[in-house]
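I opened the model to look up a few local features. My notes follow in the order in which I took them.

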Amino acid sequence: MRVLLVEDDPNLAETLVEALVHQSYTVDVVMDGISGWEQAQKLSYDLMILDVGLPQLDGISLCQKLRSQNITTPILLLTAYHHREDKVKGFDAGADDYVVKPFDIQELSARIRAILRRRQQTPTAILQWEKLRLNVNTCEVTYQDNPLNLTPKEYGLLELFLKHHQRVFSLNIIIEKLWDLEETPTENTVRAHIKGLRNKLKSAGAPGNLIETVYGLGYRLKQESPPQPEPKKNSTKQAQNQPKFNQALVQIWERYRGKICDRITILEQFSLAAQQEKTDPNLQQQAQQEAHKLAGSLGTFGLGRGSVLAREIEQLCQYKTLSSEQILHFRQLVFKLRQEVENNAPHSPPPTPAIPQPSPLKSSHQVWILSQDQSLIHSIQTASFHLGIETQILTDQSLITTLKTSSQEKQYPPIVFLDFDFYYSYELLTQLTQETPSIPVIVLTEQKNFSQRVKVAQSGGKAFLQKPVTSEQIIKVIMDVLRQSCTLNAKVLIVDDDSQILETFQLLLEPWGIQTVTVEDPRHFWEILEATIPDLLILDIEMPYLDGIELCQVVRADPRWKSLPVIFLTAHTNGEIKHQVFMVGADDYLTKTTEASILVNRILNRLRRTQSLREASTKF
């Protein structure tokens with residue numbers, strides 16, 4: 001479980017972290033209330049521990065602010081004050097418990113366990129999936145009564161999958177859930193833990209695919225379904241490796257293919273010179289620069305393996321001298337990189353673009369109502385009429401097939417109102433939300449069940465409404481859903497010395513109504529920043545004259561730009577670099593090896609979150 005600790009006393013914070021980590025919690029620590037608020041917006045936590053006497057924003061005010069934004073995460077307050085009035089203020093602010101300093105660590109641990117038990121989603125301490133059992137209280141895991149000896153991370157993975165057995169977890173989400181901010185595991189590290197867990201499950205008698213890979217998405221427990229015939233290996237490999245690009249990306253690739261090949265040629269020249277012991281420092285430096293560019297650009301085109309190879313080549317170029325074994329390895333890497341680019345480069349766009357194209361608000365929208373509640377149907381129809389939106393009433397759950405066909409034929413998927421009082425089906429909800437593009441589903445019910453709200457959110461539901469609902473409430477939720485899917489009127493300033501990256505992001509963001517302004521020479525950054533007034537700043541790290549970290553420091557030093565969201569986009573993945581960018585005030589960190597669709601979604605989410613916070617602040 002993940003815990004956010006907001007405590008300005010470093011000694012106490014260190015003691016608490018050590019105690020919590022010893023009990024298998026993942027702990028993130030910040031030192032002031034503002035940082036606590038920002039951190040709570042970035043990640044999802046199982047518990048927040050807030051000191052009352054925090055700088056900038058005190059713990060009680062932070063608690064009130066969190067509750068005002070409908071953040072229901074359990075909150076435990078820590079304070080040196082023992083007055084009844086202070087406790088009353090804490091509970092009135094929305095805290096779940098209140099502990100007075102100095103306190104006994106064992107007592108605090110017991111209080112934390114009590115809070116989490118009250119909020120536990122699973123009513124039993126036993127998590128079970130077919131013949132697999134996990135006892136939350138004793139941390140014992142068995143398959144067919146055969147015990148499994150798991151490492152803490154393997155246990156955390158299995159607990160995560162068992163608690164959310166219908167959900168697919170990406171590598172990034174797994175890292176967010178199971179590792180704290182000070183740890184920087186690579187995706188290969190996570191895959192190694194999953195492989196180890198699979199091997200131990202298999203040794204205990206479980207099928208090898210009990211934890212299945214959902215290609216392109218992540219991992220989950222094997223869903224109960226009839227076995228499918230195994231396709232031919234060659235066709236499967238081709239399907240998996242086929243890059244998914246829209247027409248714009250393919251056109252960019254065609255324009256930059258020659259430059260990419262020239263960069264590989266320089267790597268081949270350095271490889272040959274190293275083999276002949278005729279290394280030139282200038283050629284070596286150029287090879288390192290070209291490898292760095294390749295590592296950052298190939299992933300954008302879906303050539304993730306090429307980015308990995310280029311990064312390994314870049315690391316070898318950093319050695320002053322290469323041994324004979326390193327030279328041989330270098331040559332092999334460059335050969336594989338050339339093959340990867342030539343064999344997997346896109347030549348024509350596939351039928352479906354990698355990134356779902358948004359439709360403008362004036363496009364036709366539909367509301368589909370799956371209910372038999374006549375009063376509810378009337379309210380939804382009235383709200384839709386006022387918005388000029390067509391409605392269709394469905395009375396049979398089997399019409400899911402019709403929904404799928406219709407959503408594929410339209411640019412814009414229908415908004416579905418699913419009445420759980422008549423059609424209580426998480427399977428149906430999951431099927432709808434996992435469509436491509438995702439069908440937004442609004443769940444309605446008379447039941448007052450918090451665990452049901454949690455499960456609906458985990459299954460991808462866009463909203464949860466408790467009956468009775470008014471037409472005004474329905475209008476608001478429909479507009480919120482439409483706003484999430486429609487174009488964004490926003491400006492993004494991108495600073496990168498690679499013209500290929502700049503052009504790629506211009507084309508990727510343009511369909512979403514995002515105006516992009518690009519800067520290749522960071523020496524012109526400040527005048528363009530002031531002229532543009534962007535909603536988001538994207539910075540590369542390694543650039544001539546001024547690097548991205550220096551630019552971020554300049555931005556954060558000016559009061560006018562302190563709140564400007566900053567995302568770093570770089571080919572670097574090591575922990576020290578990540579630490580540096582967050583220390584200078586970055587809001588997010590993206591690697592250029594990430595697929596284009598994921599990069600765009602992260603940028604869109606950041607812009608939408610910023611707009612939502614801005615709108616919320618104007619109401620107070």
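I looked up F525 first, and F525 is buried because its relative accessible area is 2%; buried means under 20% relative accessible area, exposed over 50%, and partly exposed in between, with a 1.4 Å probe and protein chains only. W526 comes out at 26% relative accessibility and so counts as partly exposed.

Before going on I noted the ground rules: this is a predicted model, in which local features need pLDDT of at least 70 and side-chain atom pairs count only at pLDDT 80 or more, while totals for chains, interfaces and linings use all residues. Residues are numbered from 1 along each chain as its sequence is written, and side-chain values use heavy atoms, with hydrogens and water left out.

I searched the whole structure and found 5 aromatic pairs. For the search, rings of Phe, Tyr and Trp (its six-membered ring) pair if their centres lie within 6.5 Å; planes under 30 degrees apart count as stacked, over 60 as edge-to-face and the rest as tilted. In one of the pairs, F420 and Y426, the ring centres are 5.3 Å apart and the planes stand at 85°, so I logged the pair as edge-to-face. F420 and Y426 are both buried. F525 and W526 also form an edge-to-face pair, with 6.4 Å from centre to centre and 65° between the planes.

I counted a charge as sitting over a ring if NZ of Lys or CZ of Arg is within 6 Å of the ring centre and within 35 degrees of the ring normal. K455 has its charged end over the ring of Y426, 4.4 Å from the centre. R523 has its charged end over the ring of Y545, 3.6 Å from the centre.

I placed T445 in strand 15 (residues 441-445); helices (H or I, at least four residues) and strands (E, at least two) are DSSP runs, numbered from the N terminus. T445 counts as buried because its relative accessibility is 0%. The side chains of T445 and D421 are joined by a polar contact of 2.7 Å. Such a contact is a pair of N or O atoms within 3.5 Å; within protein, one must be able to donate a hydrogen and the other to accept it, and residues adjacent in sequence count only if both atoms are side-chain atoms. The T445 side chain also reaches the backbone nitrogen of Q447, at 3.1 Å. Leaving out residues up to four places away in sequence, T445 touches F420, D421, Q452, F464, L465, Q466 and K467, where contact means heavy atoms within 4.5 Å.

I traced an open sheet of 5 strands with parallel pairing and the order 2-1-3-4-5; two strands pair if DSSP finds at least two bridges between them. Strand 2 (26-30) and strand 5 (97-100) are the edge strands, each pairing on one side only. On average, neighbouring strands of this sheet are turned by 20° against each other, direction ignored. Strand 3 (residues 47-51) and strand 4 (residues 75-79) pair in the parallel sense over 4 bridges, and L50 stands opposite L77 in strand 4.

Helix 3 (residues 59-68) lies across strand 3 and strand 4, at about 145° to strand 3. Axes are lines fitted to C-alpha atoms, for helices over the stretch in contact, and angles run from 0 to 180 degrees between N-to-C directions. Helix 7 (residues 171-178) packs on the sheet and touches strand 1 (2-6) and strand 2, its direction making about 55° with that of strand 1.

Within helix 3 I checked G59. G59 is buried, with a relative accessible area of 0%. Not counting residues up to four places away in sequence, G59 touches L50, D51, V52, L54 and L77.

Strand 6 (residues 126-129) and strand 7 (residues 132-135) pair over 4 bridges. They form a hairpin with 2 residues between them, and E130 in the turn has a positive phi of about 55°. I126 stands opposite N135, and L127 has L134 as its bridge partner. On strand 6, L127 and W129 make up the covered face, I126 and Q128 the uncovered one. In a regular strand the side chains alternate between the two faces of the sheet.
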